[in-house]
Amino acid sequence: MKSSEIRYRRLFEAARDGILILDAETGKIADVNPFLIEMLGYSYADFLGKNLWEIGAFKDVAASKAAFVELKQKKYVRYNDLPLKTKDGRLIAVEFVSNVYLAGQEEVIQCNIRDITERKQIEAALLNASAELEHRVEERTAELQTALAAINVLQEQVEAENLFFRRELRQKYQFNRIIGQDSGLRDVLRMAEQVAPGNTTVLILGETGTGKELIAAAIHDMSPRREQPLITVNCAALPGNLIESELFGREKGAYTGADTKQAGRFEIADGSTLCLDEIGELPLELQAKLLRVIQHNEFERLGSSRTVKVDVRIVATTNRNLEEEASKGRFRQDLYYRLNVFPLTVPPLRQRKEDIPLMVHAFAERYSKKLGKAITSVRKETIRALQDYPWPGNIRELEGVIERAVILCVGPVLYLTDELKILAPPASPSDTQTLEETERNHIIKILFATRWRIEGKDGAALILGINASTLRARMHKLGISRPQI
């Protein structure tokens, strides 16, 4: 045997596909490799010299004969999925490829047979798994759709039931600079939210230091005018001879020292909101002009006869009882009625004791960051002492106390280094008090209202109408000194 024939024989016998060699003329099986014998279970003798249709595996005689005829004509035939039966009766699927080629001078047919039964089983399993998965997806989709429908119903119920809580949440962000959960404060904030969208004049009442300016700012921020800045005038901080030009503006040469033309706050606030802070301090002679602006949205600058038209919303604040002031002739009644369209009264801090811990922690955090300290908690005794204190200066006084405590604090726990004391005058002075006692009590009252600021635009000297040096001399004579907090 030639070496080439030996190599072919080895390949033939080692092939992992079943191989049949047929005589091209007669169709008789001339050779078969061991793998096909193993695959189908027939012996070598069972194959040799037989036609395909004489082997039980190729039991479809007509089909086998037709395949043989087609092969002779085309020299090639292929079946991707051909059923064969093994000698023991087991049905398998095979891939059957036959072609005709020359072996020396004779044509022979080589049939390659590959068992694809396992592959078909895997494909069938994959198809079944895919179908099962698709079915489960459909079921799960239906479940999710049902759940989504239920969620939509629940969402509608929650939205219907929690309208109040959503409003509270909106207020939390709309009033993010205002700290507190007191019911009285919440009522004020709720009313502020209701009045904000319109152009109604709002009068915010409350003691000094209660945060009236923050309520005014919140009303502006919730109004359609919020794109424009809020303009504020402190009526108590300006002398009477300057407040008119500050509010209404002036022409050049309107009075001595008026070297330039100046727009007033009403013109600057055109299209926005004007906050008249502490309007109870506005001089009587200017109240009539203010009333005209509020009623007719027009005024004249100082030194001009030309009428200026503006669109300004008024929000006023005061720590005075304007109704009582009007009854005593110290405030115009018609202006009071015009301002008092929508009054809001901010409760004093002594009526909001449950809010004091919130404010203490907020102020402590603010000043800790500002001063580079790491204060993480506040002593319970400190909170209790702060809640027991009457706070004549309200939130402004509390903030000052916490700032001082943060400055003096040497650890992570905030505490008060000084005892809180109040040196307030009697609520109703006795008829037997001397003039000196009455003067002393009145000065102390004003000092508490200004947080013991003596001079400057918010100082006690300006309110009392005396020089700061004169006030200090009177304090020294009457034995008045600031209490240590």
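**Two asparagines and a helix pair**

Asn297 sits in the loop between helix H11 (284-296) and strand S9 (298-300). Helices here are DSSP runs of H or I with at least four residues, strands are runs of E with at least two, and both are numbered from the N terminus. The model is predicted, so local features need pLDDT of at least 70 and side-chain atom pairs count only at pLDDT 80 or more, while totals for chains, interfaces and linings use all residues. Residues are numbered from 1 along each chain as its sequence is written, and side-chain values use heavy atoms, leaving out hydrogens and water.

Most residues other than glycine have a negative phi. Asn297, although not a glycine, has a positive phi of about 55°. Asn394 has a positive phi of about 60° and is not a glycine either.

Are these residues buried or exposed? Asn297 counts as partly exposed because its relative accessibility is 28%, whereas Asn394, at 0%, counts as buried. Buried means under 20% relative accessible area, exposed over 50%, and partly exposed in between, with a 1.4 Å probe and protein chains only.

Asn394 belongs to helix H16 (residues 394-408). The axes of H16 and helix H14 (residues 356-371) come within 9 Å and cross at roughly 45°; axes are lines fitted to C-alpha atoms over the stretch in contact, with angles from 0 to 180 degrees between N-to-C directions.

Among the residues that meet are Phe363 and Tyr367 in H14, and Leu398 and Ile402 in H16. Contact means heavy atoms within 4.5 Å.
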